[in-house]
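Please look over the structure below. The report that follows takes the ligand site, then a pocket, then the overall fold and the backbone.

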Amino acid sequence: MNYRHAYHAGNFADVFKHAILALCLEHFKTKDKPFFVLDTHAGIGRYDLSGIEAGKTGEWQDGIGRLQDAATRGALSPVLLDALRPYLDAVAAENPAGGFRVYPGSPCLSQHLLRDNDRLFLCELHAEDEQTLWQTVGRDKRVKVEHRDGYEALKAVLPPKERRGMVLIDPPFEQPDEFDAMERALADGVKRWASGCFALWYPIKDRLEIATFHAHLETLDLPETVALDFYIRDPQQIMPGSSLIGCGYVLVNPPYGLMRVIEPLMDGLLANLRQDTPSRVAGKGAFWRLQTLKYA
Ligand SMILES: C[S@@+](CC[C@H](N)C(=O)[O-])C[C@H]1O[C@@H](n2cnc3c(N)ncnc32)[C@H](O)[C@@H]1O
């Protein structure tokens, strides 16, 4: 396990991942009943953007850096600001003295959005990272941190007693069979918790691989499922070994609240994070796309 998220924290892919995660959680808060979140691949929870790792790549500058800059200039439209509010508020909460140095990973983002009776279950398999995560979330009766395989935890933990909530599956993609592992975990997870929302994040390093993944999911017995892909440059620029320019989410049982704002949110993220001319179609520049894999 060599992957270190600190090199990539706050980049365009994290902004996409975390803005959507925050919106999902915000949606669960529209009802009083408590919700549950399982984060199968949690990381260390919080990242120092002035640290050595973030400084080596500088990736955050073209992610949260750009977005914050646009927000400070008042250049974000009201509808986009509204969609980004839960995410940007969580980022601001990590930097109480103002300025912008600390970036919340998915654990801290979720922790920030929990209410008193909501629960967060965090799995991290890297022993040192699990210790850091444990210290990061601190004493919080709503949050449990475990040093274990997130895919295994899914079997032990689902369905949660709350019956509402979501599972975030965000592996490091170091293993060649990670898409297969995700697919198996999803099929099993949905059997255990058919009403849960499942969010599977993936990097797009090979478009055929993603098309195959989506096609496999179409054959599974799933409830409503969509795939949301986001490219900051023309997908034709994807080359083996080149830097990441696209990523996506498969969302099973996507919250209605998210689907209502998906278009302005994605248009806004594209406008602010793109590194190419924007386009409505693949092969002509930066673009995003929502595909339905399974209808409700
Ligand atoms: C992409 S990072 C997670 C980032 C985090 N979800 C966020 O958004 O802030 C993936 C993490 O999964 C951990 N990991 C790798 N394999 C795992 C497994 N089978 N179960 C749990 N954690 C694992 C890695 O150590 C790494 O910290």
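## Ligand site

In this predicted model, the side chain of Asp 170 places an N or O atom 2.7 Å from a nitrogen atom of the ligand. Of the 600 Å² of accessible area that the ligand has on its own, the protein covers 95%. Ser 106 has a backbone N or O atom 2.8 Å from a ligand oxygen atom. A polar backbone atom of Leu 125 lies 3.2 Å from a nitrogen atom of the ligand.

| Residue | Protein atom | Ligand atom | Distance |
|---|---|---|---|
| Asp 170 | side-chain N or O | nitrogen | 2.7 Å |
| Ser 106 | backbone N or O | oxygen | 2.8 Å |
| Leu 125 | polar backbone atom | nitrogen | 3.2 Å |

How many residues surround the ligand? The count is 21. His 18, Ser 106, Glu 124, Gly 150 and Asp 170 are the closest. By class, this shell holds 9 polar, 6 nonpolar and 6 charged residues.

## Second largest pocket

The second largest pocket has a volume of about 270 Å³. Its lining comprises 14 residues. Those nearest the pocket centre are Leu 23, Glu 26, Gly 257, Arg 260 and Val 261.

Which helices each supply at least two lining residues? They include α1 (12-28), α4 (78-93) and α10 (256-273). The lining divides into 7 nonpolar, 4 charged and 3 polar residues.

## Overall fold

The protein has 10 helices and 10 strands. Its C-alpha trace spans about 50 × 45 × 40 Å along the principal axes. The radius of gyration is 18 Å. A compact globule of 296 residues would have a value near 19 Å, so the protein agrees with that expectation.

## Backbone points to check

Most peptide bonds are trans, and most residues other than glycine have a negative phi. One loop holds an exception to each pattern.

The peptide bond from Leu 158 to Pro 159 is cis, with omega near 0°. Pro 159 sits in the loop between α7 (150-157) and β6 (165-169).

Where is Arg 163 found? Arg 163 is in the loop between α7 and β6. Its phi is near 65°, a positive value in a residue other than glycine.

Methods:
Residues numbered from 1 in each chain as written. Predicted model: local features only at pLDDT ≥ 70, side-chain atom pairs only at ≥ 80, totals over all residues. Heavy atoms only, no water. 1 Å grid on protein atoms, 1.4 Å probe; cavity = no way out; pocket = protein on both sides within 12 Å on 5 of 7 lines; lining within 4 Å. Points joined across faces, edges and corners; volume = space filled by probe spheres on them. Helix = DSSP H or I, 4+ residues; strand = E, 2+ residues; numbered from the N terminus. Nonpolar A, V, L, I, M, F, W, Y, C, P; charged D, E, K, R; others polar. Near = heavy atom within 4 Å. Polar contact = N/O pair within 3.5 Å; in protein donor to acceptor, adjacent residues only side chain to side chain. Areas by Shrake-Rupley, 256 points an atom, 1.4 Å probe, with all protein chains shown as cover. Rg over C-alpha atoms; globule rule 2.2 N^0.38 Å.
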